[in-house]
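Student: Could we go through this structure together? I would like to begin with a single residue and then turn to the chain as a whole.
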Amino acid sequence: METLNEIKQIMENMTIYMSINGYTKRSFAKATGISQNTFTAMTSGKIKNEKKAERYIEQATEKLNLERDYFKKSREEIMQAPINYLDEEKLHTGNEKFNALSLLLKIGEIHYKWE
């Protein structure tokens with residue numbers, strides 16, 4: 001059983017993994033089956049029940065097809081791990097954001113050409 005300090009470090013590592021691999025809170029919640037509210041509560045230290053936190057951590061590693069103790073690694077190891085782009089939903093979300101940004105830039109370009 002992990003202590004609250006160990007769980008805090010695991011959650012920091014999970015947040016790093018999420019960010020490096022291009023997950024939003026929404027896509028990470030969908031990929032792991034953990035609600036956005038629960039994930040936010042975990043990362044902010046609001047979940048004090050160690051068993052419950054461990055269960056969510058296990059669920060996330062299982063759903064992401066990671067080794068059981070993956071998030072117990074050092075921050076450096078997680079940052080050096082290969083990026084995982086196998087999640088089609090995540091890529092779709094990224095494409096939507098890119099397309100929206102592209103459209104905004106085109107609108108801005110048209111607007112400034114006419115002035």
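Student: Is asparagine 65 buried or exposed?
Tutor: This is a predicted model. In it, asparagine 65 is exposed, because its relative accessible area is 71%, and the cut-off for that class is over 50%.

Student: Where does asparagine 65 lie?
Tutor: Asparagine 65 lies in the loop that runs between H4 and helix H5, the latter covering residues 75-80.

Student: And what is phi of asparagine 65 near?
Tutor: Phi of asparagine 65 is near 55°, which is a positive value in a residue other than glycine.

Student: Let us step back. What does the secondary structure of the chain come to?
Tutor: The chain has six helices and zero strands. Read from the N terminus, the order of elements is α-α-α-α-α-α.

Student: How many of the residues in the chain are buried, as a percentage?
Tutor: The chain has 115 residues, and 32% of them are buried. As for the surface, the chain exposes about 8,200 Å², with 53% of that area supplied by carbon and sulfur atoms.

Student: Which residues of the largest nonpolar core touch the most other members?
Tutor: That core holds 25 residues, and those touching the most other members are Met14, Tyr17, Phe28, Leu64 and Phe71. Two or more residues each come from H1, helix H2 (25-32), helix H3 (36-43) and helix H4 (50-63). H1 gives the most to this core, namely seven residues.

Student: You named tyrosine 17. Where is its place?
Tutor: Tyrosine 17 is in helix H1. Tyrosine 17 counts as buried because its relative accessibility is 3%, and the limit for buried is under 20%.

Student: What separates the C-alpha atoms of tyrosine 17 and isoleucine 78?
Tutor: The two C-alpha atoms are separated by 6.7 Å, although tyrosine 17 and isoleucine 78 are 61 residues apart along the chain.

Student: What about asparagine 13: buried or exposed?
Tutor: Asparagine 13 counts as buried, since its relative accessibility is 0%. Its place is in helix H1, which covers residues 4-20.

Student: Which residues is asparagine 13 in contact with, neighbours in sequence aside?
Tutor: Leaving aside neighbours within four places in sequence, asparagine 13 is in contact with Phe71, Lys72, Lys73, Arg75 and Ile78. For phenylalanine 71, the backbone oxygen lies 2.8 Å from a polar atom of the asparagine 13 side chain.

Student: On to threonine 38. Where is it found?
Tutor: Threonine 38 is found in helix H3. It is buried, because its relative accessible area is 17%, below the limit of 20%. Beyond its neighbours within four places in sequence, threonine 38 is in contact with Ile47 and Tyr56.

Student: Last topic. Which residues form a nonpolar patch on the surface?
Tutor: The patch is formed by Leu101, Leu103, Leu104, Leu105 and Ile107, and together they have about 530 Å² of accessible area.

Student: What does isoleucine 107 count as, in terms of accessibility?
Tutor: Isoleucine 107 counts as partly exposed, because its relative accessibility is 48%. Isoleucine 107 has its place in helix H6, which covers residues 88-114.

Conventions:
Residues numbered from 1 in each chain as written. Predicted model: local features only at pLDDT ≥ 70, side-chain atom pairs only at ≥ 80, totals over all residues. Heavy atoms only, no water. Patch = residues over 30% accessible without salt bridge, like charges linked within 9 Å, V, L, I, M, F, W, Y side chains within 5 Å. Areas by Shrake-Rupley, 256 points an atom, 1.4 Å probe, with all protein chains shown as cover. Salt bridge = Lys/Arg side-chain N within 4 Å of Asp/Glu carboxyl O. Helix = DSSP H or I, 4+ residues; strand = E, 2+ residues; numbered from the N terminus. Buried < 20%, exposed > 50% of the residue type's maximum accessible area, 1.4 Å probe, protein only. Polar contact = N/O pair within 3.5 Å; in protein donor to acceptor, adjacent residues only side chain to side chain. Contact = heavy atoms within 4.5 Å. Core = buried A, V, L, I, M, F, W, Y, C linked by side-chain atoms within 4.5 Å.
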